[in-house]
Amino acid sequence: MKVNEIFLSIQGEGISTGYPTVFLRLAGCNLRCRYCDTSYSYAEGEEMTVEEVFKKVTSYGYKRVCLTGGEPLLQQEIKILLAALKEYEINIETNGSVDICLFPLGENHRFTMDIKTPSSGEADSNCLSNFKYLREKDEIKIVLGDYQDYLWARDLLKQHYKKGIITFSPIYNRIDPKKIVQWMLEDRIDARFQLQLHKILWHPEARGV
Ligand SMILES: Nc1nc2[nH]cc(C(=O)O)c2c(=O)[nH]1
Ligand code: SF4
Ligand SMILES: [Mg+2]
């Protein structure tokens, strides 16, 4: 597997925010979002065997693992890794362009699936059939850059949403986050709002945190 970084931090996003989590960032991404904060993961990485990755991930002594990227679902070896990590609580951060029905939806797996908005430049890459497979505990993360993105996302959810925890989040430094809260409350939207905790605690461009 091509691994960009493995590190221990606290989860900065989603419903496990604040919990100690081992991050496994795989290299490579099929998208090129305009606001990407991990472009260093596109090409930089070390080839490691599944066994080496397993050893490193399990060496920290925590049971929560966040599999991220890049786009982690592009590397087929993750199926073997996920099977080996069956005792672990695994959160898979996917960019929403990959068909998730090709991957196991075990009880110990939780997807956080992005919906790419127009500001990302990748709105045509969303694999909308994924909405069919998401469960109550999976998360749908929508990163907003402006009001057009918000309206676009609101309409898309009206058409496609079935199950899962919806989270709205601002593009870092692009929009006043309070505006998103205001729009959500005005429309009586019952979803989560979040800021990326790791970007508040550490430098927004820091790696390995
Ligand atoms: N602390 C921390 N939490 C995160 N949650 C998702 C991350 C990601 O880069 O996908 C991330 C990250 O890079 N750091
Ligand atoms: S999907 Fe994620 S890693 Fe890939 S370009 Fe978009 S923000 Fe960057
Ligand atoms: Mg990410």
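1. Two residues are taken to be in contact if their C-beta atoms, placed from the backbone, lie within 7 Å. On that basis, and leaving aside neighbours within four places in sequence, Val65 is in contact with Thr21, Val22, Leu24, Val57, Leu85, Tyr88 and Ile90.

2. The model is a predicted one, in which local features need pLDDT of at least 70 and side-chain atom pairs count only at pLDDT 80 or more, while totals for chains, interfaces and linings use all residues. Residues are numbered from 1 along each chain as its sequence is written, and chains are lettered from A and ligands numbered from 1 in the order in which they are written.

3. Strands are DSSP runs of E with at least two residues, numbered from the N terminus, and they pair if DSSP finds at least two bridges between them. E4 and E5 run parallel and are joined by four bridges, with Leu67 having Ile92 as its bridge partner in E5. Strand E5 (residues 89-94) is mostly covered, since five of its six residues are buried.

4. The shell around ligand 1, counting residues whose C-beta atom, placed from the backbone, lies within 6 Å of the molecule, consists of Ser9, Ile10, Gln11, Gly12, Glu13, Phe23, Thr38, Cys66, Thr68, Glu93, His198 and Val209.

5. Ligand 2 is surrounded by Cys29, Leu31, Arg32, Cys33, Cys36, Thr38, Ser41, Gly69, Gly70, Glu71 and Asn95. An unreviewed UniProt entry carries a "binding site" annotation that covers Cys29, Cys33 and Cys36, although such annotations may be inferred rather than shown by experiment.

6. Cys29 lies in the loop between strand E2 (20-26) and strand E3 (46-47), and Cys33 is found in the loop between E2 and E3 as well. Cys29 counts as buried because 20 other C-beta atoms lie within 10 Å, and Cys33 is buried because 20 other C-beta atoms lie within 10 Å. Not counting residues up to four places away in sequence, Cys29 touches Ser41, Tyr42, Gly69, Gly70, Glu71 and Asn95, whereas Cys33 touches Lys116, Ser120, Gly121 and Glu122.

Conventions:
A residue is buried if 20 or more other C-beta atoms lie within 10 Å of its own, exposed if 12 or fewer, and partly exposed in between; C-beta atoms are placed from the backbone.
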